[in-house]
Amino acid sequence: MLAFLGYLTADLAVRLLPARLADCLAVALARLVFATRPRARGSLEANLARLLPGVSDAERRGTARAAFEHFALSLTDFLRLGRLDGRALERAIEVRGGEHLERARASGRGVILLSAHAGNWEWGAAWLAARGARLGARLHVVARPHPNRWVERLFARRREARGVALLPGRPLWPGAARALKRREWVALMGDRRGACGSVCAWAAALSRRTGAVVLPAVMLRLAPGRYAACFEPPLSPEACAGGGYRDALRPHFERHPEQWFAFEPLPEGLA
């Protein structure tokens with residue numbers, strides 16, 4: 001219940017306060033949480049040490065603190081999504097690698113969007129869902145349920161309002177396979193371990209079985225209320241299983257380590 005009240009308070013603050021003030025409060029809270037040395041901070045600093053082995057401990061701490069701050073800003077932006085119309089969302093997104101997105105869309109097959117906990121994946125899902133609605137391709141997301149059921153319902157309502165469908169049921173394979181065979185899109189996060197192990201291996205097997213395209217992508221923050229949707233070349237099932245996802249997205253993490261929210265130990269093959 002405390003978590004739910006916290007999200008409601010944050011939502012109220014984002015509604016009532018000027019954007020700059022709400023963002024400043026979010027950053028201040030993130031710094032406070034970082035100072036308490038939560039478990040997520042230890043995992044993040046260990047992951048950053050693998051990503052950027054040449055940086056000093058002080059630099060790595062600074063990057064980790066900045067990641068906590070960016071995460072808080074991503075949350076405030078997510079709460080703002082409900083009051084952002086489709087045209088404003090479209091204007092807020094800069095597309096990079098659009099030819100790869102078009103190649104996947106023009107393939108006539110389902111698409112497995114393999115992304116990461118970086119920048120703002122919720123804005124990315126909302127933006128893609130709006131585009132997919134115009135093109136007749138629904139977007140389904142695979143998301144780990146929040147431990148608090150009230151918070152999970154809050155998130156589900158916000159996603160549904162933007163046309164983002166949560167892939168239902170466990171196991172996920174049957175629903176994902178049906179969606180892909182209907183030439184729809186399924187979005188997964190590759191930088192966490194799934195219930196059955198490597199998400200990348202799971203995506204590769206799903207691509208092999210359904211013929212779907214695997215499209216690596218990430219949504220990165222450029223400025224307040226501005227993001228870049230970055231798409232990389234589609235991967236074959238073999239390339240996906242062999243580390244292609246890591247090779248595609250690692251340069252983004254290296255350029256913007258403060259936007260990578262690697263708050264858990266990395267799955268095998270990504271570390």
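The questions and answers that follow concern a predicted model.

User: In which order do the 7 strands form the open sheet?

Analyst: The sheet is open, and the pairing of its strands is mixed. Strand 1 (93-96) and strand 4 (165-166) are the edge strands, since each pairs on one side only. The order is 1-9-8-2-5-3-4.

User: Which residue in strand 4 is the bridge partner of Val-141?

Analyst: Strand 3 covers residues 139-141 and runs parallel to strand 4. The two strands are joined by 2 bridges. In strand 4, the partner of Val-141 is Leu-166.

User: What angle does the direction of helix 9 make with that of strand 5?

Analyst: Helix 9 (residues 173-181) packs on the sheet. It touches strand 2, strand 3 and strand 5. With the direction of strand 5, the direction of helix 9 makes an angle of about 135 degrees.

User: At what angle does helix 6 run to strand 8?

Analyst: Helix 6 lies across several strands, including strand 1, strand 2 (111-115) and strand 9 (226-231). Strand 5 (185-189) and strand 8 (213-223) are also among them. To strand 8, helix 6 runs at about 145 degrees.

User: Why are the buried residues of helix 6 on the same side?

Analyst: In helix 6 (residues 98-106), the residues His-100, Leu-101 and Ala-104 are buried. They lie on the same side of helix 6 because they cover around the axis an arc of only 100 degrees.

User: Which residues are exposed on the other side of helix 6?

Analyst: Exposed here means over 50% relative accessible area. On the other side of helix 6, the exposed residues are Glu-99, Arg-103 and Ala-106.

Notes
Residues are numbered from 1 along each chain as its sequence is written. This is a predicted model: local features need pLDDT of at least 70, side-chain atom pairs count only at pLDDT 80 or more; totals for chains, interfaces and linings use all residues. Side-chain values use heavy atoms; hydrogens and water are left out. Buried means under 20% relative accessible area, exposed over 50%, partly exposed in between (1.4 Å probe, protein chains only). Helices (H or I, at least four residues) and strands (E, at least two) are DSSP runs, numbered from the N terminus. The arc is that of the directions from the helix axis to the C-beta atoms. Two strands pair if DSSP finds at least two bridges between them. Contact means heavy atoms within 4.5 Å. Axes are lines fitted to C-alpha atoms, for helices over the stretch in contact, and angles run from 0 to 180 degrees between N-to-C directions.
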